[in-house]
Amino acid sequence: MATSSPSSASGARRLPRIGVPDSVRDAATTFWMQREPRERRILAGGGAVLVLVIIYLALWDPAFEGQRRIEKALPQMRSQLAEMETLGQEARGLSAIAAAPVPHGAELQQALNTSLTNHGLKATRMALSGESVQVQLDKVPFGAVAEWLQEVRQAQRMKVIDANIKYVGATALVNVTATLQSPAAASR
């Protein structure tokens, strides 16, 4: 019984090649062997250049272009993020305001009077009519009225549906007649 050494067994046996049929491999080998050494070098160099071009077009260029696009879009994305964060904070603030109960009737009148007093204002006349309130202020500073209306909009969630502001001649003093509407009436 004769045993063969591993080196002689590997020399006699061919390992199968995956993916390339023998006929194609034999035709390519024949083609290659028929070329002169100079032609082989030219073909090998051309093949190497072709491989480099394919690698550049398939891998490098798309990645580089993607990076350039991202760098170009990044400032706009950052500004959009800042805007979304601001809107999120505003939404959280509005949801906290919306959770608070809306005063009605005498309770609303008392809340408006307290708010006026906090701004150094006093209503000449205040008339409740369902879900709206008409307020008249005479000879009051315009800045205080503007601040008060802003606070009423935020705190009581009332909306100014009509306002008549008249300058009375003194520095920044005005007469104001405003009709405010509660959110309950606006949603009906």
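This is a predicted model: local features need pLDDT of at least 70, side-chain atom pairs count only at pLDDT 80 or more; totals for chains, interfaces and linings use all residues.
I take a salt bridge to be a side-chain nitrogen of Lys or Arg within 4 Å of a carboxyl oxygen of Asp or Glu.

**Entry 1: ground rules.** I number residues from 1 along each chain as its sequence is written, and my side-chain values use heavy atoms, with hydrogens and water left out.

**Entry 2: salt bridges.** I searched the whole structure and found 2 salt bridges. In one of them Arg68 pairs with Glu65, and the closest N and O atoms are 2.8 Å apart. Both residues belong to helix H3 (residues 37–99), where they sit 3 residues apart, about one turn of the helix; I use helices (H or I, at least four residues) and strands (E, at least two) as DSSP runs, numbered from the N terminus. For exposure I call a residue buried under 20% relative accessible area, exposed over 50%, and partly exposed in between, with a 1.4 Å probe and protein chains only. On that scale Arg68 is partly exposed at 43%, and Glu65 is partly exposed at 31%.

I then looked up the salt bridge between Arg25 and Asp22, whose closest N and O atoms are 2.1 Å apart. These two are 3 residues apart in helix H2 (residues 22–34), a separation of about one helical turn. Arg25 counts as buried at 15% relative accessibility, whereas Asp22 counts as partly exposed at 47%.

**Entry 3: the annotated span.** I checked the UniProt record, an unreviewed entry, which lists residues 42–60 as "transmembrane region"; its positions are given in the numbering used here, its feature names are shortened, and its annotations may be inferred rather than shown by experiment. In the model this span is 100% helix and 0% strand, and its end C-alpha atoms lie 25 Å apart.

**Entry 4: the sheet.** I traced an open sheet of 4 strands in the order E1-E2-E4-E3, with antiparallel pairing, counting two strands as paired if DSSP finds at least two bridges between them. Strand E1 (125–129) and strand E3 (159–167) are the edge strands, each pairing on one side only.

Helix H5 (residues 142–155) lies across E2, E3 and E4 and runs at about 155 degrees to E2.

Between strand E2 (residues 132–141) and strand E4 (residues 173–181), which run antiparallel, I noted 8 bridges, and Val135 stands opposite Ala178 in E4. Thr179, also placed in strand E4, is buried with a relative accessible area of 14%. Leaving out residues up to four places away in sequence, I find that Thr179 touches Ser132, Val133, Gln134, Lys159, Val160, Ile161 and Asp162.

Entry 5: Most residues other than glycine have a negative phi. I therefore looked up Lys139, which has a phi near 50 degrees and is exposed, with a relative accessible area of 60%; Lys139 is found in strand E2. Ala172, with a phi near 60 degrees, is placed in the loop between E3 and E4 and counts as partly exposed at 42% relative accessibility.

How values were computed:
Contact means heavy atoms within 4.5 Å. Axes are lines fitted to C-alpha atoms, for helices over the stretch in contact, and angles run from 0 to 180 degrees between N-to-C directions.
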